[in-house]
Amino acid sequence: MPLLELLLLAAIWGGSFLFLRLCSPVLGALPLIALRVSIAAVVLLPVLSHAGRRAQLRRHWRALAVVGLSNSALPFSLFAMGAQHLGAGFESILNATTPLWAALAGAVAFGVAITRAQMLGLFTGLVGVVVLVAGQADAGSSGSLAAAGLVLLAPVSYGFAVHYARRHLAQVDPLLTAFASQAWAALMLAIPGAALWPAGPVPAVIWAYVLALGVLCTAVAYTLYFRLLVKVGPAYAASVTFLIPVFGMLWGRLFLHEAITATMLLGCAIILAGTALAGGQWQRLLRRRLA
């Protein structure tokens with residue numbers, strides 16, 4: 001059932017913030033993400049068994065490299081850097097701002113018209129971010145505030161990647177895009193990941209978490225996401241954005257004993273309301289009810 005698959009995907013992607021929080025302070029951000037994307041690329045390697053996909057890879061390697069940077073290498077690394085100072089639940093809420101930045105990136109960089117509803121959504125979502133970060137300022141340090149600002153660049157990068165991929169890779173097999181984006185990200189992060197490799201031994205449990213991050217939260221999650229795209233369309237698949245913060249906060253609470261504050265819940269609610277406006281979900285719901 002699509003709903004069960006959507007819930008499973010949200011639970012998996014919400015769990016990625018848990019694993020980032022556990023692993024990044026031990027391995028460092030860039031070594032961790034280099035491992036994450038390399039593992040995912042290896043798991044997805046059978047995608048290239050299809051001759052048509054190999055031909056598409058040769059034709060579109062430049063655009064796939066851009067998506068590898070903007071949709072994997074850069075945002076994954078930013079979230080991993082932020083995870084050294086921020087909770088899993090907090091980061092998952094900031095991730096939910098992606099549709100807001102996608103609407104803005106479309107208008108600024110790709111000439112996509114922005115509606116009044118989207119403008120209202122952007123303003124509403126930014127109010128939610130202010131509320132959320134203000135709560136972090138009351139409870140955190142200057143380092144955590146700087147980390148929050150850094151992490152906000154990750155959904156901005158995702159927003160750019162959405163429009164870039166739509167313009168340049170619309171005819172490319174989605175499974176090839178999933179593989180190639182991870183493979184390119186692995187190549188980009190190989191040298192910095194190796195240069196910043198931790199000097200001390202890495203506990204076995206951290207390796208288990210890294211494996212889960214690469215296999216489950218990246219390779220399996222991408223496959224599940226593109227399966228949903230094919231089965232039920234992009235609008236339904238994109239609604240996973242609303243569920244990820246629920247699981248991000250839940251896993252953070254259950255496994256890391258992170259507090260779920262009233263400010264977090266309020267900021268999350270405002271951000272999701274703005275996301276619904278910017279992404280057009282409210283408009284679609286109203287049209288269905290009026291039909």
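Predicted model: local features only at pLDDT ≥ 70, side-chain atom pairs only at ≥ 80, totals over all residues.

Modeller: Residues are numbered from 1 along each chain as its sequence is written, and side-chain values use heavy atoms, leaving out hydrogens and water.

Biologist: How are helix H5 and helix H12 oriented to each other?

Modeller: Helices (H or I, at least four residues) are DSSP runs, numbered from the N terminus. Axes are lines fitted to C-alpha atoms over the stretch in contact, and angles run from 0 to 180 degrees between N-to-C directions. Helix H5 (residues 88-95) packs against helix H12 (residues 240-256) at about 175 degrees, with the axes 7 Å apart. Angles under 35 degrees count as roughly parallel, over 145 as roughly antiparallel, 65 to 115 as roughly perpendicular and the rest as oblique, so H5 is roughly antiparallel to H12.

Biologist: How are H1 and H2 oriented to each other?

Modeller: The axes of helix H1 (residues 2-27) and helix H2 (residues 29-44) come within 8 Å. They cross at roughly 130 degrees. H1 and H2 are therefore oblique to each other.

Biologist: Is serine 72 buried or exposed?

Modeller: Serine 72 lies in helix H4 (residues 61-82). Buried means under 20% relative accessible area, exposed over 50%, and partly exposed in between (1.4 Å probe, protein chains only). The relative accessibility of serine 72 is 0%, so this residue counts as buried.

Biologist: With which side chain does the side chain of serine 72 make a polar contact?

Modeller: A polar contact is a pair of N or O atoms within 3.5 Å; within protein, one must be able to donate a hydrogen and the other to accept it, and residues adjacent in sequence count only if both atoms are side-chain atoms. For the side chain of serine 72, such a pair is found at 2.9 Å, and the partner is the side chain of glutamine 182.

Biologist: What is the phi of histidine 257?

Modeller: Most residues other than glycine have a negative phi. Histidine 257, found in the loop between H12 and helix H13 (262-279), is not a glycine, yet its phi is positive, at about 55 degrees.

Biologist: Is histidine 257 buried or exposed?

Modeller: The relative accessibility of histidine 257 is 65%. At that value, histidine 257 counts as exposed.

How values were computed
Helix = DSSP H or I, 4+ residues; strand = E, 2+ residues; numbered from the N terminus.
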